[in-house]
Amino acid sequence: MLPAGRLSPHLRGHFLLFDRKSVPPIDSAAFTRLLLIYLFLEVVIGPRFWILTWLHLPLPPSWVRVPFLVALALVAVRYLARLKLSQIGLYRWREWTTTERSYFLQTVCLGNVVFITIFAHRLALITVDQSLWGRAFLVVLTQFAWGFYQELVYRGILQTALVGRLGPVAGILIANTLFTFGPLHFYHFAGRTPLPMFIGIFAIGLFFSVLFRRSGNLWIVGALHGIGDAYIDGLRLIVR
């Protein structure tokens with residue numbers, strides 16, 4: 001057992017030793033409303049707006065779709081589920097503990113250093129070609145928002161609802177299974193090597209699930225996921 005009280009607040013986050021926040025329990029009505037919001041966002045609209053494809057309507061660009069989905073999810077939580085955004089982990093900065101702030105800043109900086117090192121060649125190509133700068137800015141912001149949206153839906157909305165009703169183990173496993181094999185990543189079934197992809201997605205999702213459960217802070221997992229999407233998917237869209 002780690003002596004949590006003896007660890008510096010700047011180290012505690014790396015051992016997932018966050019101070020638990022007092023959050024009002026999710027009652028049965030809020031549970032139902034959160035599940036309906038999840039189903040509407042992921043099944044009816046679809047993470048890639050397949051409802052428009054079914055209706056033979058033009059598909060807006062991703063820089064329009066993604067912010068719309070983020071805004072729609074936040075409005076739905078606030079006014080349809082009738083929950084404060086803090087109840088799904090979106091706390092104001094002044095409500096963060098020292099451990100949360102330190103862990104957030106450390107991991108964001110470390111993540112950028114790691115990805116800049118990995119994708120140094122692509123970043124260099126973008127840096128020397130000014131014609132790519134505008135597109136790069138838009139794509140990176142969109143992909144960052146896309147990563148945040150995934151955490152908002154699967155950790156903030158779905159995991160919060162399931163953990164509140166089924167407990168942490170069942171809630172996390174069910175939410176992360178849907179995150180891995182559900183509408184968001186279902187297209188990987190058509191890939192050449194779906195099994196390694198699903199293993200990776202499940203493992204990363206499980207880490208985010210546990211981190212969110214331990215910290216209660218959706219901004220942290222949303223930012224980390226967003227950074228990963230911005231580099232991994234964003235740079236691939238800019239420079240092949």
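A pocket is an open set of points on a 1 Å grid over the protein atoms alone, where a 1.4 Å probe fits, with protein on both sides within 12 Å along at least five of seven lines; lining residues have an atom within 4 Å of a point. The structure is a predicted model, in which local features need pLDDT of at least 70, side-chain atom pairs count only at pLDDT 80 or more, and totals for chains, interfaces and linings use all residues. Residues are numbered from 1 along each chain as its sequence is written, and side-chain values use heavy atoms, without hydrogens and water.

α10 gives the most, with nine residues. By class, the lining has 21 nonpolar (Ala, Val, Leu, Ile, Met, Phe, Trp, Tyr, Cys and Pro), six charged (Asp, Glu, Lys and Arg) and 11 polar residues (the others, Gly among them).

The second largest pocket holds about 430 Å³ of space. It is lined by 19 residues. Arg-20, Val-23, Thr-160, Val-163 and Arg-213 are the closest to its centre. Here, α7 and α9 are the elements that give two or more residues to the lining. The top contributor is α7, with four residues. This lining has eight nonpolar, eight polar and three charged residues.

Notes. Grid points are joined across faces, edges and corners, and a volume is the space filled by probe spheres set on the points.
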